[in-house]
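Subject: Structure handover

Hello,

Here is the structure I promised to pass on. Please open it and keep it beside this email while you read.

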Amino acid sequence: MAEWNAFYQNEDEEQEQEEAELSGGDYKVSGRDSLVFLVDASKEMFVKGEDGQPSNFDMTMQVVRSVYTSKIISSHRDLVALVFYGTEQSKNQRNSFKHVYVYHDLDEPGAERVQDVNALRGEKGAQLAAQTLGSGETSLGDALWCCANLYSDIKLRLSHKRLMIFTCRDDPHGGDSTRDRQARTKASDLKETGVLIDLMHLIKPGGFDVSLFFRDIVSPPEDDSELGLQLEPCDKLEDLQKRVRARETKKRALARLSLTLGEGLNVAVGVYATAVSARKPASVRLYRETNEPVRSKTRTFHTQTGSLLLPSEIKKAQVYGRKQIVMEKDEVDAIKKFHDPGLFLIGFKPMEKLKLHHHIRPSVFIYPEEGEVKGSACLFSALLKKCIERNVFALCRSVFRRNYPPRFVALVPQTEEVDEGKVQITPPGFNVIYLPYADDLRTLDPPRCPPASQTQVNKMKEIIQKLRFKYRSDAFENPVLQQHFRNLEALALDMLAPEDIEDLIMPKVDQIDQRLGPLVDEFKDLVYPAGYNPETKPAPKRKTADGGAGAEKKPKVGATADELKAHMQNGTLGKLTVTVLKEACKQFGIKTTGTKKQDLIDALSERLGS
């Protein structure tokens, strides 16, 4: 019979589970994400850039490959397709559309598809594309129609449908009004079926004018967090990858809650994670004969009769006063339930009251959900504006999931920030800071060291000033994870060896020495005695032994009979360690069948109580 709190999580387990669930997130409509790359194969796409820069076609293939590999790692069940338009050859369903080449149908990405895209990269890839695809007339309307057929052939439920157009021609039909009208009509039909159309326009001589044709093709942004149509074309691979990643990554909410401001006044908000720890994916058990995933099933049997127990027959219990209190599952759920999930406003406090040491775990971000409760965005915006004006934060009681213990949180307002291109960098909303309880704050006893002189402090300030740099979290990758995924990639793609990775965490010693110059030696002269070399290890101390005998073993920690009886009367036997309880059982000659702490406590209680 399990204890009632056997499945009750602590704070660390709760945080790990929340971070692990972020990859799945919460969909408004359940299903898979889908993405179609519609790439222009005209001759202009194969023209190399200045100073040996890769062609627009080569940059596009590199981006497609990176999306394929990231999908395999992060969300392998998503569907991806690659379609070329403006080709000489035609390959599609029943070859209904001329000059449209479906290179990959809508399906899950895999190693074979990555190898296919690899073959189209570089000079050899351009030659292969010229032989396989060729460059011919352009009819974007037929290409969009072909993509619509790809979506209609999918029988799975799709939660998010997106189509990205890669081209360097702002007038693909050369002023043909009939083809322009057909393309606009087909784009409108795709939008009505829920397909989002994005334009990834590339650099071209004379500039790219989106107002000529593509302004009517591209879908408007879904909400304020979407980037919308960008006027400036991409001329670098990094910019194109960043723009594609910003669009193809769907923002998923951890949870959707109600922020209660007063009686009958609720605001619907979505909870988002701003940063998540990257972890290795969990291993999958495979059947060795068929290599198929193994599904595990757990069944509970009676220890005495061996009969199968139904869920209704399983009880939970807790020992109180040497008596086993049996509880039903509904009673256990009622004990663990404090309140329904949501945020409940308590009051407001000035920002000066929020200290740096109050940060005990990663924060989350909340944003209004207008689709859940109408008027939430307006009320949320007014609350955010007033909190910023008065420089206060909102103090709330939070329950983020059912049967989770309540926490006190601080809603810290955050203003919107945009860059020079009017692209949003920081969204407006509230950062949710988890506040510590009283027993979470502990008094530390720091080690006592000799204080540094003012000269030493000033010299160290000079060293720190020389070594300062602008820190960016995305500039440092985890080398263990990178090596792990490189090994998997090499294994899947039949590569002879994985690609070499650069460990960006290791300090750049040469640059540090060049920046500091003589400051290191000056600091050593100020701190260490003359002739001292901090790089040499001190000699190990010898252990003294009396009469050649080794060091004495530490005596075993035990408890006397009087102490055990006192613990039993006070009900504090559970505070003793398993080692102490085992020694006590040996002392009284008690034979125990199990080694669990509760079994030892029950045996001791029975002996001492008799």
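Helices (H or I, at least four residues) and strands (E, at least two) are DSSP runs, numbered from the N terminus. With that in hand, the loop between helix H9 (376-390) and strand S13 (392-399) is where Asn 391 sits.

Some ground rules come next. This is a predicted model, in which local features need pLDDT of at least 70 and side-chain atom pairs count only at pLDDT 80 or more, while totals for chains, interfaces and linings use all residues. Residues are numbered from 1 along each chain as its sequence is written, and side-chain values use heavy atoms, with hydrogens and water left out.

**The whole chain**

The protein chain has 16 helices and 17 strands. It has 610 residues, and 34% of them are buried. Buried means under 20% relative accessible area, exposed means over 50%, and partly exposed lies in between (1.4 Å probe, protein chains only). Now take contacts, meaning heavy atoms within 4.5 Å. Among those between residues at least 6 apart in sequence, 69% join residues at least 24 apart.

**Two backbone points**

Back to Asn 391. Its phi is near 55°, a positive value in a residue other than glycine. Asn 391 counts as partly exposed, because its relative accessibility is 41%. His 99 also has a positive phi, of about 65°, and is not a glycine. Look for His 99 in the loop between strand S3 (79-85) and strand S4 (100-107).

**Helix pairs**

Two packed helices are described by the angle between their axes and the distance between the axes. Axes are lines fitted to C-alpha atoms, for helices over the stretch in contact, and angles run from 0 to 180 degrees between N-to-C directions.

Start with helix H5 (residues 140-152) and helix H6 (residues 177-192). They pack at an angle of about 20°, and their axes are 7 Å apart. H5 is therefore roughly parallel to H6. The cut-offs are these: under 35 degrees is roughly parallel, over 145 roughly antiparallel, 65 to 115 roughly perpendicular, and the rest oblique. H5 and H6 cross in a left-handed way. A crossing is left-handed if the near helix is turned anticlockwise from the far one by less than a right angle, and right-handed if clockwise.

Which residues of H5 and H6 make the contact? H5 brings Leu 140, Gly 141, Leu 144, Trp 145 and Ala 148, and H6 brings Gln 182, Ala 183, Lys 186, Ala 187 and Leu 190. These divide into 7 nonpolar, 2 polar and 1 charged. Here Ala, Val, Leu, Ile, Met, Phe, Trp, Tyr, Cys and Pro count as nonpolar, Asp, Glu, Lys and Arg as charged, and the others, Gly among them, as polar.

His 173 lies in the loop between strand S5 (158-167) and H6. Its relative accessible area is 10%, so His 173 is buried.

Now the second pair. Helix H10 (residues 454-466) and helix H13 (residues 519-527) pack at an angle of about 155°, with axes 10 Å apart. H10 and H13 are therefore roughly antiparallel to each other. H10 passes H13 in a left-handed crossing. On the H10 side, the contact uses Thr 455, Gln 456, Lys 459, Met 460, Glu 462, Ile 463 and Lys 466. On the H13 side, the contact uses Leu 519, Glu 522, Phe 523, Leu 526 and Val 527. The contact of H10 with H13 divides into 6 nonpolar, 2 polar and 4 charged residues.

**Salt bridges**

How many salt bridges does the structure hold? There are 16. Each is a side-chain nitrogen of Lys or Arg within 4 Å of a carboxyl oxygen of Asp or Glu.

- Asp 78 and Lys 71 meet at 3.1 Å, N to O. Both Asp 78 and Lys 71 are buried.
- Lys 315 and Glu 328 meet at 2.9 Å, N to O. This pair links distant parts of the chain, 13 residues apart. Lys 315 is in the loop between strand S8 (265-272) and strand S9 (316-320), and Glu 328 in the loop between strand S10 (323-327) and helix H8 (329-336). Lys 315 is partly exposed, at 23%, and so is Glu 328, at 39%.
- Lys 329 and Asp 333 have their closest N and O atoms 3.3 Å apart. They are separated by about one helical turn, because they are 4 residues apart in helix H8. Lys 329 is exposed, with a relative accessible area of 57%, whereas Asp 333 is partly exposed, at 23%.

Salt bridges that share partners also join Glu 137, Asp 176 and Arg 179 into one network.

Best wishes
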